[in-house]
Amino acid sequence: MALLSGGEMLLRALHDEGVEFIFGYPGGAALHIYDAIFRQDKVEHILVRHEQAATHAADGYTRATGKPGVVLVTSGPGATNAITGIATAFMDSIAMIVISGQVARESLGSDAFQETDMIGVSRPIVKHSFMVQNPQDIPEIIKKAFYIATTGRPGPVVIDIPKDVTDPNVKFEYSYPETVKIRSYSPPAKGHSGQIKKAVDILLSAKRPIIYAGGGVIQGEGSELLTQMARKLGYPVTNTLMGLGAFPATDKQFVGMLGMHGTYEANMTMHESDVILAIGARFDDRVTNSDVKKFCPDATILHVDIDPASISKTVTAHVPIVGPVVPVLKEMLELVEAGKSKIDAAALKVWWERINHWRTRDSLKVVLADNDVIKPQQVIQALYEVTQGDAYVTSDVGQHQMFAAQYYHFDKPRRWINSGGLGTMGFGLPAAMGVQLAFPSATVACVTGEGSIQMNIQELATCKQCSLPVKIVNLNNKALGMVKQWQDMQYGGRHSHSTYADSLPDFVKLAEAYGHVGIKIEKLSELKSKLQQAFAMKDKLVFIDVVVDPEEHVYPMAIRGGGMNEMFLSKTERT
Amino acid sequence: MRRIISVLMENQPGALSRVVGLFSQRNYNINSLTVAPTEDPTLSRLTLTTVGDDRKIEQIIKHLNKLVDVAKLVDLTEGNHIERELMLIKVKATGAQRAEVKRVADIFRGVVVDITPTMYTIQLTGTSDKLDGFIAALAGTPILEVARTGVSGIARGEKVLSL
């Protein structure tokens, strides 16, 4: 058995756990660990330019691969800079391991240089956390951390390591545990068969059904089974913002995303339904709108989720099913198969006629501008065509995020990577780095805005250092578009601190300053050809600055306090 | 409605802060809280009282269960249970009041555990209601100090909360 220091054990354990990359930034309390990184070649360290970016990059890596991303930061400011990214992962149930350096054990609690109570600061936004008290505990804690982060409802796990625990001169025998058992933690392995049977009976007897699938289906690798079952049933399917790609967007049964900026047909189908099968979705306020009493008044709700606390939290489930999506869907699929003849085909036909009628409203129709002005939606449409719908698309937060969700039709899971729950601006570029590292030859587009991109613009340097050919599609409307839209709609058009047109950087020059290629697109007539040019540069990061119509709003938009059937459809129309 | 929730959890640093943090984070109330190791020193038993409608209590229980350090828990108020709280109360006891305070303490089966010429310290155990009742019965007697432990509880009959 090898004798290893705490720092060496940490690296060995990460390698034994199958970790390829660590996203991090060094500092005093982490230096023993960084020296251990230097002296090995199994795990590759990616040096970011801000710790927040390390967490988003690891997060993007997890979302694209399904394997947990790993972050390493130092104590104090290193740790607190990671907080936003940890909260982002927590809200979207993303598995992530965050290792933070800490001051030496004897200095704990003394307000030492760069000391922060990381366990305390991160407590409300982690699935669990560990403070390593002894070097010998490192292998077991790493094993437990990965087990907790990736099982049940996934989430971030923080491991805080005092500096002296990784002392290179203190060595211990190392062995990595093969299995782990935590007596107080037992995630559900399957759903309750009686409940599943009950749910399928209701589902099969529905006259106006809808399947409402969320990010849990993607995280739980249930997309294929869900698609099979939906096709067997012939029922309409809607995906949440987090669930895009769980069911193919180009399938005729797909009615689009639902919720605040969902399609007219998705929201109407939900509102008028008599049975909703919710899978891996949590009835978030961006879906239900603010008054849950008006939510889908006729619907019997069947709710499948791995987290019992998500069930009946906001909307009461008539049939709750707690379990992982794959075994539950397998059981459901068998029962659907056996009971298919019970489906009321006549009622379903009438239901589809109504849905198709709602579809004719064409709620995502783009009203073209004059004078060669580019509408932001057209950029996403062009991006979809140029990348043939096969890119990994990361996004930041705001109007561009909603346009990307509405107009890029995701047919596969893990292709749409965005901060849904926390809504973190600055997420897109570092997340794209994580995706590109995981899939070096894939096309990775970061759809962003001139507001969001400046929240982590420094990562252009990381992309240079690691040769990451991310394509940044910047929808530049010279304003914080979503804030401005709300100010237009609710604050009499008073644009309080949402515009900065006279102080924007020249993004082309900025990209060039970082050693990348910058392209500016100002005319609709050159949109597609220039995008094609940019995406043809396979091995280069291209910053594509697209000047878009600054007056555009995102529609449909839910009317506050209304039901799902109440939406603004344009600046002048409402339901 | 008032509930008594008993939690069996890992006796580890940070475990208590996760429970307490959950309550403040999710805007739940804690009325009282008591915690100590069990006969198995690796496990702690924490008992808390809270108020909320059924929906809120259901969420509290679900979220407590989600905590990795929480092994098992029970809402004692769902069944028959025994509830006890201990109070030490220091009251002014002079003149005619001295006998009166003693009489009230006797009625409530309190024990005088310390005296000075001007005060009594009384120890009282029982349900929180009984303790409240004692304080109410002392109306007119100046209360100098109150120390209550918070509620501890256990289910009646054969039901046990253990691993």
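Tutor: Chain B contains 4 helices and 9 strands. Helices (H or I, at least four residues) and strands (E, at least two) are DSSP runs, numbered from the N terminus. This is a predicted model, in which local features need pLDDT of at least 70 and side-chain atom pairs count only at pLDDT 80 or more, while totals for chains, interfaces and linings use all residues. Residues are numbered from 1 along each chain as its sequence is written, and chains are lettered from A and ligands numbered from 1 in the order in which they are written.

Read from the N terminus, the order of elements in chain B is β-α-β-β-α-β-β-α-β-β-α-β-β. The C-alpha trace of chain B spans about 55 × 35 × 35 Å along its principal axes. Of the 163 residues in chain B, 27% are buried. A residue is buried if 20 or more other C-beta atoms lie within 10 Å of its own, exposed if 12 or fewer, and partly exposed in between, with C-beta atoms placed from the backbone. Next come the contacts: two residues are in contact if their C-beta atoms, placed from the backbone, lie within 7 Å. Taking the contacts in chain B between residues at least 6 apart in sequence, 74% join residues at least 24 apart.

Chain B has a domain 1 (2-79) and a domain 2 (82-152); domain bounds come from an automatic or database domain assignment. The centres of these two domains of chain B, taken over C-alpha atoms, are separated by 29 Å. Their contact involves 6 residues from domain 1 of chain B and 5 residues from domain 2 of chain B. On the domain 1 side, β2 (32-37) and β3 (43-51) of chain B are the elements that give two or more residues. The largest share of that side, 3 residues, comes from β2(B). By class, the side of domain 1 of chain B that touches domain 2 has 2 nonpolar, 4 polar and no charged residues. Here Ala, Val, Leu, Ile, Met, Phe, Trp, Tyr, Cys and Pro count as nonpolar, Asp, Glu, Lys and Arg as charged, and the others, Gly among them, as polar.

Now to the other chain. The contact between the chains takes 16 residues from chain B and 13 residues from chain A. On the chain A side, these are 8 nonpolar, 2 polar and 3 charged residues.

Chain A is divided into domain 1 (3-173), domain 2 (193-359) and domain 3 (376-554). The C-alpha centres of domain 1 and domain 3 of chain A lie 30 Å apart. In their contact, 24 residues of domain 1 of chain A meet 27 residues of domain 3 of chain A. β3 (44-47), α3 (51-65) and α5 (83-91) of chain A each supply at least two residues of the domain 1 side, and the largest share, 11 residues, is from α3(A). That side of domain 1 of chain A has 11 nonpolar, 9 polar and 4 charged residues.

Two helix pairs in chain A can be set side by side. The axes of α1 (residues 6-16) and α2 (residues 31-38) of chain A come within 8 Å and cross at roughly 55°. Axes are lines fitted to C-alpha atoms, for helices over the stretch in contact, and angles run from 0 to 180 degrees between N-to-C directions. At that angle, α1(A) is therefore oblique to α2(A). Angles under 35 degrees count as roughly parallel, over 145 as roughly antiparallel, 65 to 115 as roughly perpendicular and the rest as oblique. The crossing of α1(A) and α2(A) is right-handed; a crossing is left-handed if the near helix is turned anticlockwise from the far one by less than a right angle, and right-handed if clockwise. Residues of α1(A) in this contact include Leu10(A) and Leu11(A), and those of α2(A) include Ile33(A) and Ala36(A).

In the second pair, α10 (residues 223-233) and α13 (residues 325-339) of chain A pack at about 20°, with axes 10 Å apart. This angle makes α10(A) roughly parallel to α13(A), and α10(A) passes α13(A) in a left-handed crossing. The contact of α10(A) with α13(A) consists of 9 nonpolar, 1 polar and 3 charged residues.
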